[in-house]
Amino acid sequence: MKKIFLIILITIFSCSKEAKNIVKSEDKPIESSRAISMGPIFLPENSFFSTISINYFTSIPTSTKVFFTMAGEIDWVREEKSSKIFHKMIFKDLEESTFYKFAYKEETSKKEGFIKTLPYGTEYEFEFLITTTDFEIGDLRESSFIVILSKTNQMGINEFYEIYKKNENIFSSNIIVPIFDIVFNGEKIFKSKDDGIDYFYYKDVAIIGINKKLENYDKISYYIPENGKVYLLISDIGRREVEIIAEKYKFYVEKIYVYKNSYIKSDKVFSLDNPIKVSVTKNSKYAMVLKEVF
């Protein structure tokens, strides 16, 4: 009888310990072992888009081999011999006003994409998109970059894979700017530049993203430039937090776009209910004009 009682106690203790481990594992995205094939994914590697990376996943380990050109046929190739399933290659000091075409091989198929670099000079035109992970954008390829807002501040690679696949055509031919961290095997393959804050500057447009609650919202002011137009993008961090931010910065920004669950009615605050295309024009006739299309 004592032995049976002891066995029951051990079983209860083991189950309790396993349950605690399951709860604890929810603190970070859970990765499955399934193989994925995804890419190319173009990410900014600095705040000014002069350095980017091409990222991709192969279903089996291979070397990292990227073909790239500025125009016409394939001109150059770079290769890293070590075999892996996640591949990342960084390209620095990109030339302005240029289309770069990139390609790599995934077993028997060839994957390719292209990006547009910063326009040259003081007079220019460009477009960018603002969207969330909820939407399927469609085949719209004319943007210079795509800012993606998420409900959460961190996303596992398998969850990102589902979002990428439904927008593969446009995501593979644009620089994408996630306002959230992307995690693979416990490592962040894309992460915010500051804790809870990300910031990018494309010519005279500043994109500042807030993806978690901050202890001090005064630090946002560090990233607001003296000149230019500022878009502030806020994840689902709570209505009270959005209220604090809006009160502090509504006079310094063009617009504040918020993930719909945290939306509040306030000047310059908008719920991101649809993808938005922003057209930017600057020439000698006027300083700069921004036009949004929903």
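The model is predicted, so local features need pLDDT of at least 70 and side-chain atom pairs count only at pLDDT 80 or more, whereas totals for chains, interfaces and linings use all residues. Residues are numbered from 1 along each chain as its sequence is written, and side-chain values use heavy atoms, with hydrogens and water left out.

The protein chain holds four helices and 18 strands; helices (H or I, at least four residues) and strands (E, at least two) are DSSP runs, numbered from the N terminus. Of the 294 residues in the chain, 47% are buried. Here, buried means under 20% relative accessible area, exposed means over 50%, and partly exposed lies in between, with a 1.4 Å probe and protein chains only. The accessible surface of the protein chain comes to about 15,800 Å², and 52% of this surface belongs to carbon and sulfur atoms. Accessible areas come from the Shrake-Rupley method with a 1.4 Å probe; for residues, only the protein chains shown count as cover. Among contacts (heavy atoms within 4.5 Å) between residues at least 6 apart in sequence, 59% join residues at least 24 apart.

Strands of a sheet pair through backbone hydrogen bonds, either parallel or antiparallel. In this description, two strands pair if DSSP finds at least two bridges between them. Axes are lines fitted to C-alpha atoms, for helices over the stretch in contact, and angles run from 0 to 180 degrees between N-to-C directions. E8 and strand E10 (residues 181–184) run parallel and are joined by three bridges; Met155 has Ile182 as its bridge partner in E10. Within strand E11 lies Glu187, which is exposed, with a relative accessible area of 56%. The C-alpha atoms of Glu187 and Gly156 are separated by 9.8 Å, although these residues are 31 residues apart along the chain.

A further open sheet is formed by five strands in the order E12-E13-E14-E15-E16, again with mixed pairing. Its edge strands, strand E12 (197–202) and strand E16 (269–271), each pair on one side only. The twist from one strand to the next averages 20 degrees. Four bridges link strand E14 (residues 229–234) to strand E15 (residues 255–258) in the parallel sense, and Ile234 has Val258 as its bridge partner in E15. Helix H4 (residues 239–249) lies across strand E13 (205–210), E14, E15 and E16, and runs at about 170 degrees to E14.

The largest pocket has a volume of about 190 Å³. Of its 14 lining residues, the closest to its centre are Lys116, Pro119, Glu125, Phe126 and Ser144. On a 1 Å grid over the protein atoms alone, a pocket is an open set of points where a 1.4 Å probe fits, with protein on both sides within 12 Å along at least five of seven lines, and lining residues have an atom within 4 Å of a point. Grid points are joined across faces, edges and corners, and a volume is the space filled by probe spheres set on the points. Strand E6 (124–132) and strand E17 (276–283) each supply at least two residues of the lining. Seven of the nine residues of E6 are buried, so E6 is largely enclosed by the rest of the structure. E6 and E17 run antiparallel, joined by seven bridges, with Leu129 opposite Lys277 in E17. Five bridges pair E6 with strand E7 (residues 145–149) in the parallel sense, and Phe128 stands opposite Phe145 in E7.

Some backbone details remain. The peptide bond from Gly39 to Pro40 is cis, with omega near 0 degrees, and Pro40 lies in strand E1 (residues 38–44). Asp93 is not a glycine, yet has a positive phi of about 50 degrees. Asp93 lies in the loop between strand E3 (76–91) and strand E4 (99–106) and is exposed, with a relative accessible area of 65%. Lys268, also not a glycine, has a positive phi of about 70 degrees. Lys268 is found in the loop between E15 and E16 and is partly exposed, with a relative accessible area of 33%.
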